[in-house]
Amino acid sequence: MKGKGYQIREVARLFGLHPDTLRYYEEQGLLRPQRGENGYRLYSIQDICDLSVIRELRQLEMPVEEIRQYMTRRTVLGTLEMLRREQSLIDLQMAQLRQLRREVGKRADALEEGARAPLNQLEIKRLPPRRCYCLKGKRIKEWEIDLHLQRLEKEHEDLLRTIDSRLLGAVLDSKAVEQKIYDQFSAVVILGENARDGNWWLPEGEYACVRYGGSYDKTWQVLPWLLEQVEQLGRQREDPVLELYLVDIYDTDQEEEFRTELQVRLKPLEPLQPLSSAP
């Protein structure tokens with residue numbers, strides 16, 4: 001303390017703030033330090049008490065204008081109202097943190113399941129209709145998928161914040177698959193448990209599925225095997241053919257830890273015709 005008050009750097013160090021933050025609070029009318037004979041700001045004990053209140057309210061993300069109105073004329077009644085307001089903000093932040101914790105937990109569960117799931121095994125899944133966010137393109141190359149997914153996320157930025165356990169993927173180009181070309185895609189998709197506002201549906205039905213580890217280039221090896229398994233089952237495929245990224249570059253930079261699932265939708269089986277009765 002120097003003279004009749006604390007200098008700005010002392011106060012900033014005491015509260016762990018940058019001096020510019022104190023200057024900003026002064027510009028906004030929240031603090032009113034005096035000036036010493038040398039023109040330097042001097043903060044009184046009252047200023048320090050006010051700063052404690054301001055910091056507490058700012059930590060709750062209370063708007064500066066609302067803080068200014070409170071700081072202009074404080075009374076017991078006004079402080080009680082402000083404390084009730086703080087309680088409401090804390091309750092809101094706690095609810096948001098609980099929701100965030102649930103989302104993080106679901107993401108962790110999905111990542112753990114994706115990392116531990118058995119590889120190179122055929123599985124037939126009955127899947128419901130899946131709402132998703134979709135960005136279509138013309139013959140998207142494998143190396144372009146990340147760019148298109150970033151565009152899709154930017155396009156639906158606000159809505160995607162509400163999705164739990166999001167899953168990224170791409171739809172293989174149907175004509176390219178017929179030509180045995182497995183690195184061309186017609187769309188990228190983002191799925192989630194509550195993607196209610198998605199702009200596209202993945203159809204329900206039976207899907208032949210297989211998971212593999214490592215580089216995405218393995219789709220060239222694994223998808224022909226999967227299609228062959230479909231034929232051996234006496235089934236036919238129909239669109240879509242999906243490449244879903246269970247563990248990808250967002251989760252690890254170790255390529256051998258990547259996990260990808262291929263899903264091929266199967267045409268429904270023809271119902272058995274009743275045997276005709278003997279004449």
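I began with Arg107, which is partly exposed at a relative accessible area of 29%; buried means under 20% relative accessible area, exposed over 50% and partly exposed in between, with a 1.4 Å probe and protein chains only. Arg107 forms a salt bridge with Asp251, with the closest N and O atoms 2.3 Å apart, where a salt bridge is a side-chain nitrogen of Lys or Arg within 4 Å of a carboxyl oxygen of Asp or Glu. The pair links distant parts of the chain, since Asp251 lies in the loop between S9 and S10 and Arg107 in helix H5, 144 residues apart. Asp251 is partly exposed too, at 27%.

I noted that this is a predicted model, in which local features need pLDDT of at least 70 and side-chain atom pairs count only at pLDDT 80 or more, whereas totals for chains, interfaces and linings use all residues. Residues are numbered from 1 along each chain as its sequence is written, and side-chain values use heavy atoms, with hydrogens and water left out.

Next I looked up the salt bridges of the whole structure, which holds 15. Glu66 forms one with Arg85, the closest N and O atoms being 2.6 Å apart, and this pair joins helix H4 (residues 64-72) to helix H5 across 19 residues. I also recorded a network of salt bridges that links Glu113, Lys125, Arg211 and Glu261.

Which side chain of opposite charge is nearest to Glu86? I found Arg85, 9.6 Å away, and Glu86 is buried yet has no salt bridge; Lys and Arg count as positive and Asp and Glu as negative, while His and the chain ends are not counted. Glu86 is placed in helix H5, helices being DSSP runs of H or I with at least four residues and strands runs of E with at least two, numbered from the N terminus.

I then turned to the largest pocket, whose volume is about 610 Å³. On a 1 Å grid over the protein atoms alone, a pocket is an open set of points where a 1.4 Å probe fits, with protein on both sides within 12 Å along at least five of seven lines, and lining residues have an atom within 4 Å of a point. The volume is the space filled by probe spheres set on the points, which are joined across faces, edges and corners. Of its 25 lining residues, Arg130, Ser165, Leu167, Leu191 and Glu193 lie nearest the centre, and H5 gives the most to the lining, with six residues.
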